[in-house]
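Reader: Walk me through this fold. I would like to know how to read its core and its helix packing.

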Amino acid sequence: MIQDFIKKVGEFHDAFGVQRGNVDVELRYKLFKEEFEEYLEGYNAYLQNLEYFTNKKGEYAHTFTYMVDAICDMLYITSGSIDLHECNYFKETIYKKATKEYTLKCISKYSDLYNKNPASFYLHNLIDEVFTLAYIDKVHKLLPQLFEEVHLSNLSKLDENGKPIINDGILDPSKPIGKILKGKNYFEPRLKEILENGN
């Protein structure tokens, strides 16, 4: 499964002209941190038994879909890091037992990780932990469909001329410099529909 994910993100990198080898580690760290914080937002709402909640951006979101979207984005970023670093020697992950206690342990571990130097990320362990979150949240069987939908959504970020929109700090000061922004053709991934049809 993960090999397919890495291949798809490689297609994204090719389409958007993202170069391999010379990796902006700080940007990768910021992208992952942003998604992990979104997962935490959703998870905290989930602990409060909220079906919908308002996130820190002021958006009204379906809690579980918001969490799943963050999981897919973390997998996308981590798979992309493996592709960009050209260190794809990944063996398929083995899911750990799904317990509430383990979820809290994962969150604690991630909190330590993303506050440290981004170079300390060990990509293959990290992606295994994200897979574990997917298992705990019982969406692991739907991950190929969910990931494909996120992939298609990400490809739709190209502008009307088929070019990427790269944030320069002026276009969107709230986003990291170097992040690919959404163009006019962008569509949100239809994750809620997949989740509803898959259960």
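Reader: Which residues of the largest nonpolar core touch the most other members?

Author: In soluble globular proteins, nonpolar side chains tend to be buried together. In this predicted model, the largest nonpolar core has 38 residues, and F5, Y39, I71, M74, L75, L143 and L146 touch the most other members. A nonpolar core is a set of buried Ala, Val, Leu, Ile, Met, Phe, Trp, Tyr and Cys residues joined through side-chain atoms within 4.5 Å. Buried means under 20% relative accessible area (1.4 Å probe, protein chains only).

Reader: Which elements give two or more residues to this core?

Author: They are α1, α2 (25–47), α3 (63–85), α5 (123–136), α6 and α7 (191–198). Helix α3 gives the most, ten residues. Helices are DSSP runs of H or I, at least four residues, and strands are runs of E, at least two, numbered from the N terminus.

Reader: How do α1 and α6 pack?

Author: Two packed helices are described by the angle between their axes and the distance between the axes. The axes of α1 (residues 2–16) and α6 (residues 143–155) come within 11 Å and cross at roughly 5 degrees. The two helices are therefore roughly parallel (angles under 35 degrees). Axes are lines fitted to C-alpha atoms over the stretch in contact, with angles from 0 to 180 degrees between N-to-C directions.

Reader: What should I know about the numbering and cut-offs?

Author: Residues are numbered from 1 along each chain as its sequence is written. Local features need pLDDT of at least 70, side-chain atom pairs count only at pLDDT 80 or more, totals for chains, interfaces and linings use all residues, and side-chain values use heavy atoms, leaving out hydrogens and water.

How values were computed:
Parallel < 35°, antiparallel > 145°, perpendicular 65-115°, else oblique. Buried < 20%, exposed > 50% of the residue type's maximum accessible area, 1.4 Å probe, protein only.
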